[in-house]
Amino acid sequence: MNRVILKLFGYLITALLFITPFAAAEESDFPAGYYDIVAVSILIIILMIVIGFLYYGTGEGKPLPVKEAGLLAKIKHLLTQSVPIEKEDEVKREGHEYDGIVELDNKVPPWFSGLFYATIIFAAYYMLHYHVFGTGKLMYEEYEEEMRRADILRAELVRTGALIDEKSVELLTDEAALMAGKAIYDANCVACHGSQGEGLVGPNLTDGYWVHGGGISNVFRITRDGVPAKGMIAWKTQLNPRQIQEVSSYVISLERTNPPNPKAPEGEKWLEKDN
């Protein structure tokens with residue numbers, strides 16, 4: 001039974017050591033070294049389980065005899081430096097017996113001492129790494145770095161108009177924005193609405209009548225989501241919110257331009273007070 005467990009332990013270690021480098025090489029949202037930490041943690045858990053099985057392998061909560069435990073008995077002694085029960089008289093503390101309970105003067109287990117020394121070493125490393133040499137970032141430095149990245153991301157979102165929707169969109173009137181909107185219109189809207197907005201398959205965009213409501217908010221929404229029942233696609237799949245704002249502003253600028261051969265009005269007259 002013990003040999004089977006040891007073999008299983010070996011197979012698991014081999015599998016983890018083989019898989020971890022490939023998993024870490026894949027693109028991931030986890031921080032660098034994440035998979036190494038996971039692998040080490042799993043190995044520690046497996047080791048504890050194996051030791052538990054070997055040491056309490058009888059299933060009765062009692063340690064296996066030394067002859068059966070073999071290597072484990074040596075490991076246990078190395079970790080605990082415990083005194084065998086038959087030699088407990090040698091470590092009894094005189095005058096420390098209460099109600100038949102005897103206090104023994106055992107040594108501090110090496111694993112505990114090792115843990116204590118490890119914390120001292122880690123504390124020294126932490127102080128040197130973060131406070132002396134400055135090779136590690138303190139919490140406030142990490143916070144400032146995160147804020148800097150957030151500002152860059154926000155600027156990019158503002159630039160692309162990702163934060164714009166029908167509630168926050170504003171009518172653009174500057175020439176540069178309207179020219180950009182015209183370029184988008186000429187590339188995508190002429191086939192249905194005409195080169196001057198006079199209307200072909202789609203409605204006239206210059207007469208002040210709107211099927212789905214006028215004003216920048218409504219035009220932005222319709223341009224973004226489309227009207228599939230009428231054959232108008234949702235342009236949000238091809239244009240970003242900033243581009244939709246630009247072309248919507250250009251469409252509104254076409255009102256009352258009186259192009260030749262206009263299509264008959266459709267929908268309802270949109271009054272300025274409705275916007």
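Colleague: Let's start with E146. Which residue does E146 form a salt bridge with?
Modeller: E146 pairs with R149, and the closest N and O atoms are 3.8 Å apart. Keep in mind that this is a predicted model.

Colleague: Where do those two sit in relation to each other?
Modeller: Both are in helix α6, which covers residues 139-160. They are 3 residues apart there, so about one helical turn separates E146 from R149.

Colleague: Which residues are linked with them in a network?
Modeller: E145, E146, R148 and R149 are linked in a network of salt bridges.

Colleague: How many salt bridges turn up in the whole structure?
Modeller: The search finds 10. As background, side chains of opposite charge can pair when their charged atoms come close.

Colleague: Show me another one. What does D186 meet in a salt bridge?
Modeller: The side chain of K182, at 2.8 Å from N to O. Those two residues are 4 apart in helix α7, so again about one helical turn lies between D186 and K182. D186 is partly exposed at 35% relative accessible area, and K182 is partly exposed at 31%.

Colleague: What about D225, which partner does that one have?
Modeller: D225 forms a salt bridge with K236, with the closest N and O atoms 3.7 Å apart. This pair links distant parts of the chain: D225 is in helix α9, K236 is in the loop between α9 and α10, and they are 11 residues apart. D225 is partly exposed, with a relative accessible area of 30%.

Colleague: Changing topic: in the largest nonpolar core, which residues touch the most other members?
Modeller: Y185 and V251, out of the 18 residues in that core. The elements that give two or more residues to the core are α7 (175-188), α9 (215-225) and α10 (241-253).

Colleague: Which of them gives the largest share?
Modeller: That would be α10, with 5 residues. In general, nonpolar side chains tend to be buried together in soluble globular proteins.

Colleague: What is Y185 in contact with?
Modeller: Leaving aside neighbours within four places in sequence, the contacts of Y185 include V190, H193, L205, V247, Y250, V251 and L254. G194, S195, Q196 and G197 are also among them.

Colleague: I'm curious about S248. Where is that one, and is it buried or exposed?
Modeller: S248 lies in helix α10. The residue is buried, because its relative accessible area is 0%, and buried means under 20%.

Colleague: Which backbone oxygen is its side chain close to?
Modeller: That of I244: the backbone oxygen lies 2.7 Å from a polar atom of the S248 side chain. Not counting residues up to four places away in sequence, S248 also touches I216, V219, F220 and T223.

Colleague: Let's zoom out. How many helices and strands does the protein have?
Modeller: There are 10 helices and 4 strands. Reading from the N terminus, the order is α-α-α-α-β-β-α-α-α-α-β-α-α-β.

Colleague: And how much of the protein counts as buried?
Modeller: Of its 275 residues, 24% count as buried. The protein exposes about 20,000 Å², and carbon and sulfur atoms supply 62% of that area.

Colleague: Last one: what percentage of the contacts with a separation of 6 or more comes from residues 24 or more positions apart?
Modeller: Such residues account for 60% of those contacts.

Conventions: Residues are numbered from 1 along each chain as its sequence is written. This is a predicted model: local features need pLDDT of at least 70, side-chain atom pairs count only at pLDDT 80 or more; totals for chains, interfaces and linings use all residues. Side-chain values use heavy atoms; hydrogens and water are left out. A nonpolar core is a set of buried Ala, Val, Leu, Ile, Met, Phe, Trp, Tyr and Cys residues joined through side-chain atoms within 4.5 Å. Buried means under 20% relative accessible area, exposed over 50%, partly exposed in between (1.4 Å probe, protein chains only). Contact means heavy atoms within 4.5 Å. A polar contact is a pair of N or O atoms within 3.5 Å; within protein, one must be able to donate a hydrogen and the other to accept it, and residues adjacent in sequence count only if both atoms are side-chain atoms. A salt bridge is a side-chain nitrogen of Lys or Arg within 4 Å of a carboxyl oxygen of Asp or Glu. Accessible areas come from the Shrake-Rupley method with a 1.4 Å probe; for residues, only the protein chains shown count as cover.
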